[in-house]
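Visitor: I would like to understand the wording used for this structure. Could you walk me through it?

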Amino acid sequence: MDTVILKNIMLPDSTAADIAVKAGKIAAVTVPAGHGGNPEANTEVIDCSGKAVLPGLVNMHTHAAMSMMRGLEEDVLFHKWLDRIWDVESKIDAEYVYWATKVACIEMLRTGTTLYNNHYWFSDVAHRAASEMGIRPVESYVFLDKFDAAEARRQKEQCEKMYSKSLDWGDDAHFTVGIHSIYSVGEQTMVWAADFARRHGLKIHIHLSETEKEVNDCIREHGFSPVEYLDRLGILGPDLIAAHTLWLSDNDIALLGAHHVNCVHNINSNLKLASGYRFRYNELRDAGANVCIGTDGCASSNNLDILEALKTAAMVQKAWRNDPSAMPLDELVPIATANGARALGINTGLLEVGRDADLLIIDTDNTFFLSPAPLLANLVYSAHSDCISSVMCRGIFVMRDRKIEGEKEILREAGAVLGRMRF
């Protein structure tokens, strides 16, 4: 069909509308429902009574192929966990990444993510796996030279080659330059990577101020916090996606805001690894930073459920601030939709005409929505992501009535690949 009309569907403000999708875009949003005129030929009309719609969720920081590393190292502090994960990652290959990425995509589609920002290895393979699933990946080449000059040279060459490959991924492909962290990448490499990204109009994706140890070590070695250090290197900017940004001084926040950095909150991973919980959302927002949300990888957060992350993030903000109005609903959902799309420069995240049709259809015919409360209150605080019945990405159904094409085969193949790994 050329056009799909979602008829009588509930918008986030609880009003009923008809949404027309054509050529991958939102072509019309008609309020009230039923006033859109007669449908054109080659139009599929779907009765969405009892259903609601939301823009597709954006996972702004994850390591997708960690989907088959859940539970490998539990109940330990961050740096012990990281040593274990680096050991595991030294044993993976392209085939592992391909199937593990597909497993991650199944989970993300089931939980409403239509666009994700990945920070992992074998980016060309990961891009192919995700694209075959219909989800929108943003893949990076990740620098991790551990201060070795020869390795830094090799990684620069590999980054250039991967960027060249990415030019053949298609018109809607997105490639970024990843820097693991200030404690695992040499200064010259970081500056080179940021310069390379900016020369080619690419985003930069880094872990930043994730743990108190990272901050203390940086101050001891350089005399500055990690944020101040990156500022002195000229790396801060609106093209920087900074994952975690958890341990921040007032000056750090002023710098992140002044440079309009995209700061990604990863609450479940931070809580589980005991990295911290006092994410300074209000301060970052007010300073001018663009706050987004991510799940991190399944090796630390154990799932890729953005709705779960939203609920946890809001409740933790309310608790540590002793303020129930902190991170309110009208700001919470944009953190997982419009803010992420803006950070990546992708035309989605809002239910507006002309936006890419990345949409969630939510089934409200269940106990969680039997309340006169606003839709978003019931969705975030009461329901679970299994209320998402269908997902549309760029106007194409990638999950319909909870069915994802090829799911059983993917799980079978992924299990076979995992069976030969020796973690």
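Guide: Gladly. This is a predicted model. Let us begin with a helix pair: the axes of α2 and helix α3 (residues 123-133) approach within 8 Å and cross at roughly 35°.

Visitor: What is the handedness of that crossing?

Guide: α2 passes α3 in a right-handed crossing.

Visitor: Which residues of α2 and α3 meet?

Guide: From α2 come Ala94, Val97, Tyr98, Thr101, Lys102, Cys105, Ile106 and Leu109, and they meet Val125, Ala126, Arg128, Ala129, Ala130, Glu132 and Met133 in α3. By class, the contact of α2 with α3 divides into 11 nonpolar, one polar and three charged residues.

Visitor: Why are α4 and α5 called roughly parallel to each other?

Guide: The axes of helix α4 (residues 149-166) and helix α5 (residues 187-199) cross at roughly 15° and come within 11 Å. Angles under 35 degrees count as roughly parallel, and α4 and α5 are therefore given that description. The crossing of α4 past α5 is right-handed.

Visitor: What makes up the contact of α4 with α5?

Guide: Ala152, Lys156, Cys159, Glu160 and Tyr163 in α4 meet Thr189, Trp192 and Phe196 in α5. That contact has five nonpolar, two charged and one polar residue.

Visitor: What makes alanine 23 stand out in its backbone?

Guide: Alanine 23 has a positive phi of about 55°, although it is not a glycine. As a general point, most residues other than glycine have a negative phi. Alanine 23 sits in the loop between β2 (16-22) and β3.

Visitor: Why is alanine 23 called exposed?

Guide: Its relative accessible area is 74%. Exposed means over 50%, so alanine 23 qualifies.

Visitor: What about aspartate 296: buried or exposed?

Guide: Aspartate 296 has a relative accessible area of 4%. Buried means under 20%, so aspartate 296 is buried. Aspartate 296 also has a positive phi, of about 65°, and is not a glycine. The loop that holds aspartate 296 runs between β13 and α11 (306-321).

Visitor: Why is asparagine 339 called buried?

Guide: Asparagine 339 has a relative accessible area of 14%, and the limit for buried is under 20%, so the word applies. Asparagine 339 is found in helix α13 (residues 338-344). Not counting residues up to four places away in sequence, asparagine 339 touches Asn290, Val291, Cys292 and Pro334.

Visitor: One last thing: how do you know that the peptide bond from valine 31 to proline 32 is cis or trans?

Guide: Omega is near 0° for that bond, and the bond is cis. Proline 32 has its place in the loop between β3 (25-30) and β4 (43-47).

Notes: Residues are numbered from 1 along each chain as its sequence is written. This is a predicted model: local features need pLDDT of at least 70, side-chain atom pairs count only at pLDDT 80 or more; totals for chains, interfaces and linings use all residues. Side-chain values use heavy atoms; hydrogens and water are left out. Axes are lines fitted to C-alpha atoms, for helices over the stretch in contact, and angles run from 0 to 180 degrees between N-to-C directions. Helices (H or I, at least four residues) and strands (E, at least two) are DSSP runs, numbered from the N terminus. Angles under 35 degrees count as roughly parallel, over 145 as roughly antiparallel, 65 to 115 as roughly perpendicular and the rest as oblique. A crossing is left-handed if the near helix is turned anticlockwise from the far one by less than a right angle, and right-handed if clockwise. Contact means heavy atoms within 4.5 Å. Ala, Val, Leu, Ile, Met, Phe, Trp, Tyr, Cys and Pro count as nonpolar, Asp, Glu, Lys and Arg as charged, and the others, Gly among them, as polar. Buried means under 20% relative accessible area, exposed over 50%, partly exposed in between (1.4 Å probe, protein chains only).
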